[in-house]
Amino acid sequence: MFFLKDYEDDFDDDDDDDSEDGEMEERVTEIPVYKMSEIETIQRAINAENERIGISLPMQIPKEYEKEPRTDSPARGSLGGKFMDFATAKHRQNIQKITSKQKKRSSELLRLIDLDFSVSFSLLDLPPVNEYDMYIRNFGRTNTKQAYVQCNEDNLERDIQTEEIETLEKWTQHPGESALVSGDAALIPKIDSQRLANFLRSACQVIAVLLDEDRVATQPRWNLRSRQTSLSISDSCFQLNTNLPFLHGRKVLCLHVSQVQRQALLSVHGLSENPSVAQLDSKYLLCAWNVWQPSSPQKVLVCESEVTCCCFSPSKATLVFAGTIDGSVLVWDLREDARMHLCMTLNETDWVFRSTTFSTDGVLTLINHTCSILAIEPVSTSVFKEQNYGLSYLSSQEVHFSWCKLFVFSGLIPGGKVKLVHSSTVQLNDSLFPKAIVCLGTPQTLNIKFLPSNPNHFIVGTDIGLVSHRTRHELKVPPKLFKPQQGGPRSISVNTVDFSPFGKPIFFIRLHQMTSEHPILQWDNSTDGHPVIALQWALTRPAVFFVLDATSVVYIWDLLESDLSPVAKQVIQSDKVLTMVVLGEPEKPNGLLGIALAKESGIIDIQYVKKKWAIPLPEESEKLNLLLQQSF
């Protein structure tokens with residue numbers, strides 16, 4: 001197509017049409033007349049050419065390019081023509097180029113992209129439906145309808161689901177054992193079980209003491225209550241009731257106090273000199289007492305052989321161990337049912353006499369012996385496991401270590417749950433002593449004690465005044481022997497030793513430190529040459545200890561008051577004292593400290609010493625340490 005007008009004028013806005021028409025009219029009027037004929041001839045040729053082309057290629061002109069014909073200008077119709085849309089064609093060409101580029105790019109990328117089928121995802125996880133869920137799904141809504149919905153909360157005529165429902169609890173029991181079988185449920189308060197147990201334990205002890213006092217009122221022949229004593233070292237005393245049919249005429253051979261339950265006392269009674277109960281006259285008895293309930297023993301134990309030593313289990317006073325003169329170690333489980341043992345009625349009172357739960361006699365055949373058991377000691381649970389108990393016992397030349405384990409039906413009697421399992425043996429051979437001593441004869445061992453702070457260490461007393469230092473694993477530890485100040489052996493038996501209960505590595509026969517061969521302090525002739533039977537540290541004061549000699553004299557030593565001689569001496573002439581043990585509760589601030597004296601007549605006296613020897617002094621431990629450093 002051909003155009004006589006500028007192409008730019010064809011794409012102008014409609015707002016400029018009027019101005020363009022006016023300019024065109026002016027230009028038309030300015031053309032001369034002689035040229036008008038030539039223009040009309042050219043115009044007709046152009047129109048004919050356009051008609052010929054339009055027939056062969058018809059084209060629609062967009063409406064935006066069509067101009068309304070004007071009637072006021074006669075030259076307007078002669079100059080009009082048809083338009084070609086180059087913008088649309090160019091736009092279409094650009095779109096085709098962009099499309100071809102995208103297709104080319106996509107074909108190149110498709111060769112680089114590959115799907116990974118190694119990863120899979122579960123779009124739906126449907127667990128198996130059990131029978132109940134299937135039933136509820138199919139029939140759970142049968143014969144039901146929706147009555148209310150959770151909405152319209154301001155409607156007070158209906159309860160909504162989220163409002164709190166008032167409830168009232170009732171208790172009931174089935175089957176009903178009385179006329180009252182139901183009622184209102186009281187609010188259950190929060191209870192501290194540990195505190196309740198401690199309260200009940202203390203309350204039971206108080207009630208038991210009150211019952212014993214009431215029993216005294218009805219039985220005036222025997223006085224249990226605390227009374228003034230004739231001993232100058234004590235404020236008051238009372239007796240354990242040994243005036244029982246099965247204890248008549250029996251001497252007290254041994255006393256022991258639990259390391260944990262301080263009120264638990266164990267006494268060993270020999271054969272009766274006045275037979276009264278045929279079934280018990282040929283047997284030795286052990287009585288487990290609670291000193292706060294002195295009217296009767298808590299448990300009575302029986303055995304066939306003579307008992308030489310005894311002790312409680314180290315954690316709780318539920319087991320009793322005893323060594324015998326024939327070399328057997330016996331165990332009693334105090335938790336066993338009374339129906340498993342001999343029950344007798346004496347003076348209208350029912351008594352249970354418990355036989356041994358386990359005995360090494362004929363059981364531990366590989367390590368069994370016939371030597372007398374000289375001493376038996378519980379070992380702290382810091383060495384052994386908590387569910388078991390450690391036990392050591394001393395024969396003439398050996399120290400045996402055993403576990404006490406809990407089993408089911410493995411004891412000596414049916415239903416027994418306690419068994420001793422042998423662990424190791426330490427030989428106390430001649431290598432402990434110098435050759436000059438061995439040439440004179442092999443020393444005899446007499447007792448054993450374990451270091452409280454480290455139970456792997458123990459000391460053994462002998463009959464030549466020397467004390468051997470050993471370990472459970474037979475390691476070499478200094479010093480090997482603890483000697484007197486004179487240095488040489490003497491014909492003196494070390495009958496008793498005791499460690500300080502206040503954590504200090506010191507012990508008494510003489511006052512020794514565990515790191516020194518020779519004593520810090522030694523007192524010669526402090527008992528006028530009489531053998532010492534019992535020696536024990538006070539449980540409430542670090543500087544006080546008690547001594548009992550063979551002439552029934554009790555000595556009280558206070559190292560802060562005097563380190564040269566005892567501060568008090570008590571002679572007991574009326575009834576010879578056979579053994580002694582110290583009682584006390586260091587955990588309580590009341591300063592209660594006593595000594596239990598077993599007399600030849602079978603009486604057991606509990607003497608409470610004066611407060612000046614029971615109540616600890618300010619900074620007493622520091623003063624004692626300073627005194628020991630100066631003495632050493």
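Here is a short chat about a few spots in this predicted model.

Reader: Why is Ser-305 called buried?
Author: Ser-305 has a relative accessibility of 15%. Buried means under 20%, so Ser-305 counts as buried.

Reader: Okay, and where does Ser-305 lie?
Author: Ser-305 is in the loop between strand 7 (299–303) and strand 8 (307–312).

Reader: Which residues does Ser-305 touch, leaving out those up to four places away in sequence?
Author: Ser-305 touches Tyr-284, Thr-324, Ile-325 and Asp-326. Take Thr-324: it sits 19 residues from Ser-305 along the chain, yet their C-alpha atoms are separated by 6.2 Å.

Reader: What makes the link between the side chains of Ser-305 and Asp-326 a polar contact?
Author: The two side chains are joined at 3.3 Å. The cut-off for such a pair of N or O atoms is within 3.5 Å, with one able to donate a hydrogen and the other to accept it, so this pair is a polar contact.

Reader: Is Ile-136 buried, partly exposed or exposed, and what makes it so?
Author: Partly exposed: Ile-136 has a relative accessible area of 36%. Buried is under 20% and exposed is over 50%, with partly exposed in between, so Ile-136 lands in the middle class. Ile-136 lies in helix 6 (residues 131–139), and together with Tyr-132, Tyr-135 and Phe-139 it makes a nonpolar surface patch of about 470 Å².

Reader: How does the confidence look, and where is pLDDT under 50?
Author: The chain averages a pLDDT of 76, and 72% of the residues score at least 70. Residues 220–225 stay under 50, though the model gives them 19 contacts beyond four places in sequence. Where pLDDT is low, the predicted coordinates should not be read in detail.

Methods. Residues numbered from 1 in each chain as written. Predicted model: local features only at pLDDT ≥ 70, side-chain atom pairs only at ≥ 80, totals over all residues. Heavy atoms only, no water. Helix = DSSP H or I, 4+ residues; strand = E, 2+ residues; numbered from the N terminus. Buried < 20%, exposed > 50% of the residue type's maximum accessible area, 1.4 Å probe, protein only. Contact = heavy atoms within 4.5 Å. Patch = residues over 30% accessible without salt bridge, like charges linked within 9 Å, V, L, I, M, F, W, Y side chains within 5 Å. Areas by Shrake-Rupley, 256 points an atom, 1.4 Å probe, with all protein chains shown as cover. Salt bridge = Lys/Arg side-chain N within 4 Å of Asp/Glu carboxyl O. pLDDT = per-residue confidence, 0-100.
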